[in-house]
Amino acid sequence: MDRLREADQLSDKLADRAITTRVHDEADMQRFLFLTKPKGHYIVQVNESAYPEAVSLIQELQEANDPICDHIFSCPECGSLAVEYPQFTRKFLITPLLIEWAASLGLYQKKFYCRKCHAMWLPAPASASPKIRPSPEILVSPPD
């Protein structure tokens with residue numbers, strides 16, 4: 001999500017279902033480590049055990065055309081919510097910096113990355129975000 005308000009709204013909707021959440025902001029990491037304008041930087045985290053129920057609620061919100069869904073990023077290939085931007089690894093400091101410098105020189109384009117199916121795609125308007133598909137395989141462990 002790009003805005004705190006929508007992340008908080010989703011967090012509140014999940015809390016109404018007794019799902020504990022944490023809103024995490026990656027804006028500083030994207031801005032200073034990856035030297036990029038933040039996109040999809042508000043992450044609503046839930047416990048792994050509550051993840052299927054959280055996905056189910058988001059699918060219900062999509063079916064009801066809830067406007068909050070226009071701000072949720074999901075993979076266009078598999079529908080997973082395990083999306084990162086930019087696509088550079090968060091595990092090592094040196095590698096992302098080198099790649100980021102190359103991207104700043106125009107050698108790479110910054111893309112979204114799906115941790116489930118490894119798809120990458122260019123940023124698009126949030127309204128173009130695909131529907132989250134119901135699937136038990138949507139589960140992806142959180143990043144380290």
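These legends describe several close-up views of one predicted model.

The model is predicted, so local features are given only where pLDDT is at least 70 and side-chain atom pairs count only at pLDDT 80 or more, whereas totals for chains, interfaces and linings use all residues. Residues are numbered from 1 along each chain as its sequence is written, and side-chain values use heavy atoms, with hydrogens and water left out.

**View 1. The whole chain and its order of elements.** The chain holds four helices and five strands, where helices (H or I, at least four residues) and strands (E, at least two) are DSSP runs numbered from the N terminus. Read from the N terminus on, the elements follow the order α-β-α-β-α-β-α-β-β. Of the 144 residues of the chain, 40% count as buried; buried means under 20% relative accessible area, exposed means over 50%, and partly exposed lies in between, with a 1.4 Å probe and protein chains only. Among the contacts in the chain with a separation of 6 or more, 66% are accounted for by residues 24 or more positions apart, a contact being heavy atoms within 4.5 Å.

**View 2. Confidence along the chain.** The average pLDDT of the chain is 75, and 65% of the residues score at least 70; pLDDT is the predictor's confidence in each residue, from 0 to 100. Confidence in the chain is highest in H1, at 90, and lowest in helix H2 (residues 27-33), at a mean of 62.

**View 3. The packing of helix H1 and helix H3.** Helix H1 (residues 4-15) packs with helix H3 (residues 51-63) at an angle of about 115°, and their axes are 10 Å apart. That makes H1 roughly perpendicular to H3, since angles of 65 to 115 degrees count as roughly perpendicular, under 35 as roughly parallel, over 145 as roughly antiparallel and the rest as oblique. The axes are lines fitted to C-alpha atoms, for helices over the stretch in contact, and the angles run from 0 to 180 degrees between N-to-C directions. Leu10, Lys13 and Leu14 of H1 meet Ala54, Leu57, Ile58 and Leu61 of H3. Sorted by class, this contact of H1 with H3 has six nonpolar, no polar and one charged residues; Ala, Val, Leu, Ile, Met, Phe, Trp, Tyr, Cys and Pro count as nonpolar, Asp, Glu, Lys and Arg as charged, and the others, Gly among them, as polar.

**View 4. Gln59 in helix H3.** Gln59 is found in helix H3 and is buried, with a relative accessible area of 13%. Although Gln59 and Cys69 are ten residues apart in sequence, they are 9.0 Å apart in space, C-alpha to C-alpha.

**View 5. Two residues in the loop between H3 and E3.** Asn65 is found in the loop between H3 and strand E3 (83-84), where it has a positive phi of about 55° although it is not a glycine. Asn65 is exposed, with a relative accessible area of 62%. Asp70 also has its place in the loop between H3 and E3, but it is partly exposed, with a relative accessible area of 37%. Asp70 and Glu6 are 64 residues apart in sequence, and their C-alpha atoms are 9.5 Å apart in space.

**View 6. Arg22 in strand E1.** Arg22 lies in strand E1 (residues 21-25) and is partly exposed, with a relative accessible area of 46%. Leaving out residues up to four places away in sequence, Arg22 touches Ile43, Val44 and Gln45. Arg22 and Ile43 are 21 residues apart in sequence and 8.1 Å apart in space, C-alpha to C-alpha.

**View 7. His118 in a loop between two strands.** His118 lies in the loop between strand E4 (112-114) and strand E5 (120-121). The phi of His118 is near 70°, which is a positive value in a residue other than glycine.
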